[in-house]
Amino acid sequence: MTDIPKFIEKQKPLREFNSWQVGGSAEFFCAPETLEEIRSAWAWAQNEGISVWILSGGSNILVPDETLPGLTMRLHNFSGIEKIEEPNEAAVGLIRIHARAGTPKSEVAKIFLKHRLAPAVFLTGIPGDMGAGVVMNAGIGEARTPREFCEIVSQVEVLRPDLSLVYLDAKELRWEYRHSSGWQPGIITKVVVEWSAAPDAMVTNAVREQTRKRVATQPLELPNCGSVFVNPHGHKAAQLIESCGLKGYRVGGACVSKKHANFIVNDQNASAADIWQIIEHVRSRVSSETGVQLETEIVKLGDHPL
Ligand SMILES: Cc1cc2nc3c(=O)[nH]c(=O)nc-3n(C[C@H](O)[C@H](O)[C@H](O)COP(=O)(O)OP(=O)(O)OC[C@H]3O[C@@H](n4cnc5c(N)ncnc54)[C@H](O)[C@@H]3O)c2cc1C
């Protein structure tokens, strides 16, 4: 093994980097703050022939209990707004925000809110970072405009495996419900979002209402990962799970939330295995009782190598 770059750690516990607060350690771990660190970490892993796994805010991933072999790269520290183009500059009539991949969505929401622009509403309350917002095509269920990342992204910057940067227009990506493709292979390093700069006086109240609704309906007081399953076409996953009497269903230290049936909460020092067993049980009960197959929205860290 060649010399390990100084900013790469060995056997790093991942519990504090995921919102379920479960899982074991990464064999190798880094939290790069610059593009050069991302490049040199990836080059090192390629040289060693080991897998690279990406996480950012950790609010949509299940971290395995066993040590995850390879290099886990946490992009959350590669953050910051690089540029805001206001309408009177080149962005005629638009506001355009250039954010590094690890920038929390809430930072971008604040800029839209300051200008009283509609994207603030759906971005408010979705945890995690901008790069993953693109990966997941994150959004809300309510009928609003905009309500998903695909409506506000204009460009993404991607670091390819040969460590070159490419710039892709949003229309070159394929956007689906809670998923995007067309940018792979690589790591999303920057996201440019834009919206018409015409202020809407209702935005501030809508943001408040969005926050109020989340606090009232989601078990935010306990470690969770948001909605575990995507809504199957024509159904609400939460309603299907509740109709099977699964609210409160428990394995070890985790259970289906009594407040929101599509959430699994870690209320008693759960393991990732507890959570996965609940997912399998819920899937099987919903399938046998309703005939609907549930697909997970959350992803397992270690399932999608770069
Ligand atoms: C309380 C709560 C409420 C939530 N509400 C919503 C909601 O309303 N709508 C919604 O859509 N989601 C919601 N989520 C889920 C989650 O917040 C989103 O999916 C979010 O976009 C994930 O961002 P993250 O930075 O935490 O991603 P992570 O969980 O760290 O990563 C998610 C996936 O993206 C990949 N990835 C991350 N960054 C990059 C990158 N830069 N380049 C390449 N791959 C990358 C990872 O490998 C992983 O596969 C909620 C979660 C919680 C805990």
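**Notes on the predicted model**

1. Buried residues make up 41% of the 306 residues in the protein. A residue is called buried here if 20 or more other C-beta atoms lie within 10 Å of its own, exposed if 12 or fewer, and partly exposed in between, with C-beta atoms placed from the backbone. Please keep in mind that this is a predicted model, in which local features need pLDDT of at least 70 and side-chain atom pairs count only at pLDDT 80 or more, while totals for chains, interfaces and linings use all residues. Residues are numbered from 1 along each chain as its sequence is written.

2. On overall form, the radius of gyration of the protein is 20 Å, which agrees with the value near 19 Å that a compact globule of 306 residues would have. That radius is taken over C-alpha atoms, and the globule rule is 2.2 Å times the number of residues to the power 0.38. The C-alpha trace spans about 60 × 55 × 30 Å along its principal axes. There are seven helices and 16 strands; these are DSSP runs numbered from the N terminus, helices being H or I with at least four residues and strands E with at least two. Of the contacts with a separation of 6 or more, 65% are between residues 24 or more positions apart, where a contact means that two C-beta atoms, placed from the backbone, lie within 7 Å.

3. Now the domains. The protein is divided into domain 1 (9–77), domain 2 (81–203) and domain 3 (219–300), with bounds that come from an automatic or database domain assignment. The centres of domain 1 and domain 2, taken over C-alpha atoms, are separated by 24 Å. Domain 1 brings 14 residues to the contact and domain 2 brings 13 residues. On the domain 1 side, helix α1 (residues 35–48) gives the most, with five residues. The residues on that side of domain 1 divide into six nonpolar, seven polar and one charged. For these classes, Ala, Val, Leu, Ile, Met, Phe, Trp, Tyr, Cys and Pro count as nonpolar, Asp, Glu, Lys and Arg as charged, and the others, Gly among them, as polar.

4. Strand β5 (residues 68–74) deserves a look. Five of its seven residues are buried, so β5 is largely enclosed by the rest of the structure. Strand β2 (residues 25–30) runs parallel to β5 and is joined to it by four bridges, with C30 standing opposite M73 in β5. Strand β3 also runs parallel to β5, again with four bridges, and W53 has T72 as its bridge partner in β5. Strands count as paired if DSSP finds at least two bridges between them.

5. Which residues are closest to the ligand? They are G57, G128, G131, A132 and G226, in a shell of 33 residues that surround the ligand. Helix α4 gives the most, with four residues. By class, the shell has 17 nonpolar, 14 polar and two charged residues.

6. I126 lies in the loop between α3 (119–123) and α4 (130–135). Is I126 buried or exposed? I126 counts as buried because it has 23 C-beta neighbours inside 10 Å. Leaving aside neighbours within four places in sequence, I126 is in contact with K105 and A138. I126 and Y167 are 41 residues apart in sequence, and their C-alpha atoms are 25 Å apart in space.

7. Two cis peptide bonds are worth checking by eye. T145 and P146 are joined by a cis peptide bond with omega of about -5 degrees, and P146 is found in the loop between α4 and β8 (153–159). The peptide bond from Q184 to P185 is cis too, with omega near 0 degrees; P185 lies in the loop between β11 (179–181) and β12.

8. Finally, backbone angles. N137 lies in the loop between α4 and β8 and has a positive phi of about 40 degrees although it is not a glycine. N137 is buried, with 20 other C-beta atoms within 10 Å. Q11, in strand β1 (residues 9–13), has a positive phi near 50 degrees and is likewise a residue other than glycine. Q11 is exposed, with 11 other C-beta atoms within 10 Å.

How values were computed: A residue is near a molecule or strand if its C-beta atom, placed from the backbone, lies within 6 Å of it.
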